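Biologist: Please show me the model, and then we can go through how its parts pack.

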Amino acid sequence: LLTFVGYSCIGMMLISVCVAMFVQPYPGVHDVSGSPPYIAPQKMVIPGGFGLLFSTTVFTQMCHIAVPSLTQIIKEKKRIRRVVIGGMATTYVLYAVLGLLTNLYFGSKVAVMITLNWEGFAWTGSLGPITRMLNTLVVLLPFFTIANAFPLNAHALANNLMTSIHPKTWRALLGISEAQEGEEQPLTGGEAWPPMRVKVVA
């Protein structure tokens with residue numbers, strides 16, 4: 001559900017900024033006497049923005065830290081490469097298109113957190129109830145993305161904890177029956193996912 005909400009918000013951001021380009025100029029950016037599409041003046045290179053660009057790019061691709069543990073629950077291991085590449089490519093395309101369109105429209109008024117540009121953003125020409133509701137969802141997008149990432153981070157953390165301590169110790173702590181004497185079997189996916197891993201994190 002959170003993934004659906006997140007993608008819906010990003011889609012709404014893309015649609016609304018495209019609509020705004022042909023509806024009205026953004027205050028303090030465009031010449032009000034101009035005609036659509038309203039494109040902000042651009043500079044080829046802004047050296048001072050490299051630090052923000054680099055840190056943001058790294059942050060948006062941080063899902064790789066959970067790849068090893070997430071691949072354990074994929075039954076068809078042959079599909080892992082396709083799934084990982086597809087996920088990375090999807091995020092890259094979405095962020096690249098969103099970054100391009102928002103920069104073209106908002107120009108120098110782009111907020112450090114882009115969702116803040118939707119606070120009071122009359123992209124339909126007026127701030128009606130529906131526009132305000134959609135804008136609020138966009139402003140809350142960081143909350144949705146963080147909440148959506150929590151299960152992935154919890155899984156990765158639990159996986160690291162469970163692999164760093166002897167399986168017999170975890171079985172004793174979590175109330176799992178011991179393996180036969182002389183066997184040192186790792187915890188299986190059925191034992192560890194999902195309820196046991198949640199207990200480890202808690």
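Biologist: Is the crossing of helices α1 and α4 left-handed or right-handed?
Modeller: Helices are DSSP runs of H or I with at least four residues, strands are runs of E with at least two, and both are numbered from the N terminus. A crossing counts as left-handed if the near helix is turned anticlockwise from the far one by less than a right angle, and as right-handed if clockwise. For α1 and α4, the crossing is left-handed.

Biologist: What kind of model is this?
Modeller: Residues are numbered from 1 along each chain as its sequence is written, and side-chain values use heavy atoms, without hydrogens or water. Local features need pLDDT of at least 70 and side-chain atom pairs pLDDT 80 or more, while totals for chains, interfaces and linings use all residues, for this model is predicted.

Biologist: How are α1 and α4 oriented to each other?
Modeller: Axes are lines fitted to C-alpha atoms, for helices over the stretch in contact, and angles run from 0 to 180 degrees between N-to-C directions. The axes of α1 (residues 2-23) and α4 (residues 80-106) come within 10 Å and cross at roughly 30°. Angles under 35 degrees count as roughly parallel, over 145 as roughly antiparallel, 65 to 115 as roughly perpendicular and the rest as oblique. The two helices are therefore roughly parallel.

Biologist: How many charged residues are in the contact of α1 with α4?
Modeller: Contact means heavy atoms within 4.5 Å, and residues including Y7, I10 and M13 in α1 meet residues including T90, L94 and V97 in α4. Ala, Val, Leu, Ile, Met, Phe, Trp, Tyr, Cys and Pro count as nonpolar, Asp, Glu, Lys and Arg as charged, and the others, Gly among them, as polar. This contact has 15 nonpolar residues, two polar and, as for charged ones, none.

Biologist: How is α1 oriented to α5?
Modeller: The axes of α1 and α5 (residues 129-139) come within 9 Å and cross at roughly 120°. That makes the orientation of α1 to α5 oblique.

Biologist: Which residues of α5 make the contact with α1?
Modeller: On the α1 side, the contact is made by C9, M12 and M13. On the α5 side, the residues are L134, N135, L137 and V138.

Biologist: What is the relative accessible area of S16?
Modeller: S16 lies in α1 and touches W118 and W123, not counting residues up to four places away in sequence. Buried means under 20% relative accessible area, exposed over 50%, partly exposed in between (1.4 Å probe, protein chains only). S16 is buried, and its relative accessible area is 0%.
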